[in-house]
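Please view the sequence and the structure together before reading on.

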Amino acid sequence: MDPNFFINFFTIEGFEWLIQLLVTVLIGFYNIFAFIVVRQVKTLNDSLSTDAGFLLSIIAYINMFASVVLLIVAIVSL
Amino acid sequence: MLKTLTRSILQKPEMTFYGEDRGEKILYVFRRGIITNIGWFLTVTIMLFAPSAINYTFSEMPIKFIILVNAFWYLITCGIFFERFLNWFFNVYIITNKRIIDMDFDHLLHKNISEAPLRNVEDITYEAKGMFQTLFHLGDIYIQTAAEKREFTFENVANPRYVQDLLSDIVAGVKSNGS
């Protein structure tokens, strides 16, 4: 490990890096939320089947896909 | 499909539900009045305009990061919109030719389904209270039953007087047929 690793936290660059890390963690939590939404839409569609069920499933999957892409971009740009 | 997605009272809709018996038909599906969504809808609308504040706060950060935060913010906004919509959409009260089903979906991790045969319904009353319900013609409908679940409450239903009358007629019809 770089001996200046902790010292770098107290610089502007270090602070920016911390903010970026925090945002990445938040996006990670959002991914969990998006996954739960997909599961829940499936369960709810099983409980009550409507003609809008397919559309709701697609929206849930798009939301999850977008959150995964965003997480990857956030990790790469760290 | 638009009707299914937006109406709070659906007559003989193209729907099926888990546990539907052979010969059972959905007569009505009720939801909370669409105006009850105004609170979260306004919140989401405000959230759509928030990125200008985010851009100002993070103005010293790299542009790549600002774009990422903006994208994340809009994703959260869409996620909240979708989750709240699902909450309204799947919170339904189903009246079939045999029973009443109350599907409660409070949030993503809580779901409760209860039902009672129509012949066990004893009393149906409605109540409209407060400024919001009076202004937007909403009300709560209380259904007393002799089933395991003693009372069903249909909250913030649009046009409650009409719904109460409708339910009373359906129950009376079922009881007079003896089925």
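## Helix packing between the chains

H2(A) passes H4(B) in a left-handed crossing; a crossing is called left-handed if the near helix is turned anticlockwise from the far one by less than a right angle, and right-handed if clockwise. The model is predicted: local features need pLDDT of at least 70, side-chain atom pairs count only at pLDDT 80 or more, and totals for chains, interfaces and linings use all residues. Residues are numbered from 1 along each chain as its sequence is written, while chains are lettered from A and ligands numbered from 1 in the order in which they are written. Helices (H or I, at least four residues) and strands (E, at least two) are DSSP runs numbered from the N terminus.

H2(A) and H4(B) pack at an angle of about 155 degrees, with their axes 11 Å apart. Axes are lines fitted to C-alpha atoms, for helices over the stretch in contact, and angles run from 0 to 180 degrees between N-to-C directions. H2(A) and H4(B) are therefore roughly antiparallel to each other; angles under 35 degrees count as roughly parallel, over 145 as roughly antiparallel, 65 to 115 as roughly perpendicular and the rest as oblique. On the H2(A) side the contact includes A:Ile59, A:Ala66 and A:Leu70, and on the H4(B) side it includes B:Leu68, B:Phe72 and B:Cys78. Contact means that the C-beta atoms of two residues, placed from the backbone, lie within 7 Å. The residues of this contact of H2(A) with H4(B) divide into 11 nonpolar, 3 polar and no charged. Here Ala, Val, Leu, Ile, Met, Phe, Trp, Tyr, Cys and Pro count as nonpolar, Asp, Glu, Lys and Arg as charged, and the others, Gly among them, as polar.

H4(B), residues 63–90, also meets H1(A): their axes come within 11 Å and cross at roughly 25 degrees. H1(A) and H4(B) are therefore roughly parallel to each other, and their crossing is left-handed. Among the residues that meet are A:Val23, A:Tyr30 and A:Phe33 of H1(A), with B:Phe65, B:Ile76 and B:Glu83 of H4(B). By class, the contact of H1(A) with H4(B) has 17 nonpolar, 2 polar and 1 charged residues.

## The interface as a whole

In total, 28 residues of chain A are in contact with 28 residues of chain B. Helix H1 (12–47), strand S1 (48–49) and helix H2 (53–76) of chain A each give two or more residues to the side that touches chain B. H1(A) gives the most, with 15 residues. That side of chain A has 17 nonpolar, 8 polar and 3 charged residues.

Strands also link the chains. S1(A) runs antiparallel to strand S2 (residues 16–17) of chain B, joined by 2 bridges, and A:Ser49 has B:Thr16 as its bridge partner in S2(B). Two strands pair if DSSP finds at least two bridges between them.

## Chain B and its sheets

Chain B comes to 6 helices and 9 strands. The radius of gyration of chain B is 21 Å, well over the 16 Å that the globule rule gives for 179 residues, so chain B is more spread out than a compact globule. This radius is taken over C-alpha atoms, and the globule rule is 2.2 Å times the number of residues to the power 0.38. The C-alpha trace of chain B spans about 75 × 40 × 30 Å along its principal axes.

One open sheet of chain B has 5 strands in the order S1-S3-S4-S5-S6, with antiparallel pairing. Strand S1 (9–11) and strand S6 (110–117) stand at the edges, each with a single partner strand, so one side of each is left without a neighbour in the sheet. The twist averages 15 degrees from one strand to the next.

Another open sheet of chain B has 3 strands in the order S7-S8-S9, again with antiparallel pairing. Its edge strands are S7 (121–127) and S9 (151–158) of chain B, each pairing on one side only. Neighbouring strands of this sheet are turned by 20 degrees against each other on average, direction ignored. Helix H6 (residues 160–177) of chain B packs on this sheet, touching S7, S8 and S9 of chain B, and its direction makes about 170 degrees with that of S7(B).

| Antiparallel pair | Bridges | Bridge partners |
|---|---|---|
| S1(B) and S3(B) | 3 bridges | B:Ile9 and B:Phe30 |
| S3(B) and S4(B) | 4 bridges | B:Phe30 and B:Tyr93 |
| S7(B) and S8(B) | 6 bridges | B:Thr125 and B:Tyr142 |
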